[in-house]
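Visitor: I'd like to learn how to read cavities, pockets and helix packing. Could you walk me through them?

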Amino acid sequence: MVLDAVIFDMDGVLIDSEPLWRRAEQEVFGNVGLSLTKEMCIGTMGLRLDEVVAYWHRRFPWTGKSLGHVEEEVLSEMYRLIADEGAPLAGVRETLDAVRDSGLALAIASSSPSGLIEAVVEKLEIRDYFIAMCSADEDEFGKPDPAVYLRTADRLAVDPRACLVFEDSLLGVRAAKAAGMTVVAVPAADQYDDPRFHEANFKVPSLVDFSFDMVKAGGRHDMV
């Protein structure tokens, strides 16, 4: 296949932030009477924060705090956790170096707000790798809608079909596939065997296990 660009989801791909999101959501939603389990949080992975808040409010309506207030509290806690505990996942810098050395354009397409994307790339010291950083907050619909991926390809001035995407969530995989892109799923260890990740073109346990050779070979492969 011909590749012009590589697009990274952020949370759970570049930074080990999914556990931080769970902690922030469990604390803030707990304050309005909703006890979220780990499994419940996993079920909304990949959604924008406003969509997560609206999702739980529809199922377990609360009073006393507006949806916007709850969203702000979760986001505020995430800024704190990223600053205090944010760390790159294994293989991130090596993969970014390999992509850049190959001459391909790099971008981020994330469900997180733009401000949080900026906070993460500064924390990890990887800002200079990326030509574009796009947040699904700018689109009418978040993942699994393909809008953020299509807009990222447009920003890079490349054909979506010439883009390779790294995603850790099922909703993100579906968004990238709907955009016509080739997808490498990088699920968390406790989700790796979920058969739904077979929707991706490739699947690896971590970025350490990724090689461009697997993409050149085509087909669908699990790398373990």
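**Cavity, pockets, packing**

Guide: The largest cavity has a volume of about 250 Å³. Keep in mind that this is a predicted model, where local features need pLDDT of at least 70 and side-chain atom pairs count only at pLDDT 80 or more, while totals for chains, interfaces and linings use all residues. Residues are numbered from 1 along each chain as its sequence is written, and side-chain values use heavy atoms, with hydrogens and water left out.

Visitor: What counts as a cavity, and which residues are the closest to the centre of the largest cavity?

Guide: On a 1 Å grid over the protein atoms alone, a cavity is a set of points where a 1.4 Å probe fits but cannot get out; lining residues have an atom within 4 Å of a point. Points are joined across faces, edges and corners, and the volume is the space filled by probe spheres set on them. Here 22 residues line the largest cavity, and Glu18, Trp21, Met45, Gly46 and Leu47 are the closest to its centre. H1 gives the most to this lining, four residues.

Visitor: How does the lining of the largest cavity divide by class?

Guide: Ala, Val, Leu, Ile, Met, Phe, Trp, Tyr, Cys and Pro count as nonpolar, Asp, Glu, Lys and Arg as charged, and the others, Gly among them, as polar. The largest cavity's lining has seven nonpolar, six polar and nine charged residues.

Visitor: And what volume does the largest pocket have?

Guide: A pocket is an open set with protein on both sides within 12 Å along at least five of seven lines. The largest pocket comes to about 270 Å³. Its lining has 20 residues, with Gly12, Asp16, Leu89, Pro187 and Ala188 the closest to the centre. By class, that lining holds eleven nonpolar, three polar and six charged residues.

Visitor: At what angle do H3 and H4 pack?

Guide: Helices (H or I, at least four residues) are DSSP runs, numbered from the N terminus. Axes are lines fitted to C-alpha atoms over the stretch in contact, and angles run from 0 to 180 degrees between N-to-C directions. H3 (residues 49-59) and H4 (residues 67-85) pack at about 125 degrees, their axes 10 Å apart. That makes H3 oblique to H4, since under 35 degrees is roughly parallel, over 145 roughly antiparallel, 65 to 115 roughly perpendicular and the rest oblique. With contact meaning heavy atoms within 4.5 Å, H3 brings Leu49, Asp50, Val53, Ala54 and His57, and H4 brings Leu67, Val70, Glu71, Val74 and Leu75.

Methods. Helices (H or I, at least four residues) and strands (E, at least two) are DSSP runs, numbered from the N terminus.
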